[in-house]
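User: Hi, I have a structure open and would like to go through how its parts pack together. Could you take me through it slowly?
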Amino acid sequence: MRAWIRLILPANYMDRQRRAGFLFVLPAVLFFSSVFLVPLIQSVIGSFYRTRPGGASEFVGVRLYEKVFTDSTFWTSVVNTVSLLSMSVPTTVILAMAAALGLNRIQSLKWRNVWAAMYFLPFSASLVAAALIWQWIYDPVYGFLNYLLSAVGIPPQKWLQSLTQVRPSIAVVNVWVRLGFDTMIFLAALQSIPGEYWEAAAIDGAGAWQRLRHITLPLLNPQIIMVCILELIFNFKIFDQVYSTTQGGPASASQTVIMLLYDTAFKYFRMGDASVMAVFVFLTLLVVTLLQWRIFRKPVEY
Amino acid sequence: MGRGGARGPTRAPLFRRVALLRVACGAISAFFPFFWMAVTSLKTAPEIQRVPLQVFPDSWANWQNYREVFTRHPFGRYLLNSALIASTAAVSSLVVSSLAGYGFAKFRFPGRDVFFFGIIGILMVPFQSVVVPLYGWVSRLGLLDTYLGIVAPDLVSVFGVFLMRQAIEVLPNDYIDAARIDGCSELQIFFRVVLPSVKPAMATLLIIKFMWNWNELFWPLIVVNSPSMRVVTMGLISFTNMYFIEYNLLTAAAVISVLPILLIFLTLQRWVVQAVVMSGLKG
């Protein structure tokens with residue numbers, strides 16, 4: 001308490017220094033408190049209150065949680081989201097690793113940068129632009145993809161308009177957008193590995209596959225875990241791609257958790273239900289992040 | 001992208017050629033949608049409906065779609081809105097983040113570590129979890145449908161505070177103390193000594209923040225009502241709100257929306273890649 005009083009009424013040079021430091025961080029602290037901390041607490045509190053038409057709200061305990069967690073619409077969106085990310089996350093990580101390994105082998109720095117730039121380009125498009133370009137490629141009548149299929153004799157598919165194909169189709173968009181980002185992280189890590197490691201293994205008679213399995217992948221373990229977690233979080237929060245194309249359709253086949261949260265709050269104005277979903281999203285991603293920290297704290301054995 | 005030269009074990013030329021082929025195939029598939037967007041934007045409506053499909057446009061100088069994008073919707077206004085919002089967010093978060101970064105890196109005061117780890121902890125709070133109360137605040141303050149309302153949650157970024165603290169922490173203390181002995185005030189030290197030494201970090205933050213906010217959809221969608229306040233991402237979606245989507249117009253609009261970021265990326269590739277790799281490391 002005395003420290004705080006001296007922060008406001010500095011007595012000497014050291015106190016003035018402390019006050020200066022405090023004032024430097026104050027704007028950021030105030031901002032984050034009002035934009036994240038207070039609203040997060042409000043979200044948690046809001047999930048226990050039902051707002052009556054007219055504005056009065058009443059405490060209902062966990063009844064909104066019971067309502068949302070017994071609602072099949074909610075579970076459909078959770079299952080859809082998990083099904084989407086279980087397709088796009090492994091695909092992105094594996095393809096990014098393959099691309100980074102290939103790029104790392106290119107000798108000329110100039111050409112490596114040119115090829116890397118091509119992988120990275122999709123990252124500069126907004127998710128909306130990316131999804132809409134792909135919607136045009138997927139177009140059942142005039143789309144490029146069905147044109148390619150017809151060239152090899154496969155009948156046209158409905159892609160985003162099909163109950164079974166809509167989720168894999170959106171997963172492809174996610175892979176396309178995120179591939180360059182993951183590749184860059186892997187490539188940066190690969191370039192920090194001394195070349196002698198591979199040379200030594202090659203002299204000992206290790207084949208290409210053995211070198212990959214026993215040297216490269218173990219050394220990249222921290223980056224692989226990090227990229228997996230980042231992809232899980234990114235894909236769990238999928239919204240823009242779905243909102244701009246299918247709007248959750250056809251027949252809720254691409255309804256995701258954040259889409260449902262958005263509709264519940266800003267289309268049907270059921271703020272209590274939306275707060276329950278907000279708490280659910282927060283806790284789910286919290287578990288994922290804490291898991292990441294636990295895994296990261298383990299030292300990597302070289 | 002780091003050092004050049006040979007990496008990895010020596011390989012037979014054939015093996016290397018196969019690897020290059022794989023890289024090239026991947027890069028071309030990554031690039032194709034961009035190519036498809038560009039050629040579609042140069043076609044007329046009958047051209048994109050031709051059967052069998054025709055890859056290249058009849059004329060490479062058909063700019064009609066680009067003109068029509070601006071007459072069909074106030075797309076110029078959308079671009080202006082996005083530019084305003086993204087640059088405000090970038091500059092404001094640069095100022096607040098570097099102030100905070102300096103405070104966290106070079107001062108001791110009660111509660112410093114609690115504040116710092118509190119801010120880093122916010123990385124674990126998804127924006128979607130706070131959006132409902134935030135909407136309530138913005139609405140109560142009368143900021144719905146205003147620039148301030150759209151930009152408010154993006155004025156500072158956790159990544160920025162983290163980045164600037166890391167950059168300022170490695171500056172030698174003697175440097176700052178020397179300025180202090182010369183009689184500079186704390187703010188003078190900040191602007192004349194600290195900021196000029198962390199220009200790379202500042203550039204990184206500006207680029208990545210501008211990119212993020214230019215491409216944002218979720219929050220603007222919630223606070224914007226009137227068509228004149230729409231941002232570019234919403235503008236793109238307004239081309240799909242018809243029974244039949246005119247993809248030649250939509251792709252032209254998409255090209256325009258991607259162009260600023262693409263130009264930043266191509267001219268500053270090294271910075272952008274560094275920025276993105278760092279923003280990924282934030283966790």
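User: Is the crossing of α2(A) and α5(B) left-handed or right-handed?
Analyst: The crossing of α2(A) and α5(B) is left-handed, a term used if the near helix is turned anticlockwise from the far one by less than a right angle, with right-handed used if clockwise. Please keep in mind that this is a predicted model, where local features need pLDDT of at least 70, side-chain atom pairs count only at pLDDT 80 or more, and totals for chains, interfaces and linings use all residues. Residues are numbered from 1 along each chain as its sequence is written, while chains are lettered from A and ligands numbered from 1 in the order in which they are written.

User: Where do the residues of those two helices meet?
Analyst: On α2(A) the contact is made by G21(A), V25(A), A28(A), V29(A) and F32(A), and on α5(B) by R112(B), F115(B) and I119(B). Two residues are in contact if their C-beta atoms, placed from the backbone, lie within 7 Å. Helices (H or I, at least four residues) and strands (E, at least two) are DSSP runs, numbered from the N terminus.

User: And what classes do they fall into?
Analyst: They divide into 6 nonpolar, 1 polar and 1 charged; here Ala, Val, Leu, Ile, Met, Phe, Trp, Tyr, Cys and Pro count as nonpolar, Asp, Glu, Lys and Arg as charged, and the others, Gly among them, as polar.

User: How many residues of chain B are in contact with chain A overall?
Analyst: Counting both sides, 77 residues of chain B are in contact with 87 residues of chain A.

User: Which helix gives the most on the chain B side?
Analyst: That is α1(B), with 14 residues, and the chain B side as a whole divides into 52 nonpolar, 18 polar and 7 charged residues.

User: Switching topic, at what angle do α8(B) and α11(B) pack?
Analyst: They pack at about 170°, with their axes 10 Å apart, where axes are lines fitted to C-alpha atoms, for helices over the stretch in contact, and angles run from 0 to 180 degrees between N-to-C directions. The two helices are therefore roughly antiparallel to each other, the word for angles over 145 degrees, and α8(B) passes α11(B) in a right-handed crossing.

User: Last one, what domains is chain B divided into?
Analyst: Chain B has domain 1 (13-66) and domain 2 (74-281), with bounds that come from an automatic or database domain assignment. The C-alpha centres of these two domains of chain B lie 33 Å apart, and their contact takes 10 residues from domain 1 and 8 residues from domain 2.

How values were computed
Parallel < 35°, antiparallel > 145°, perpendicular 65-115°, else oblique.
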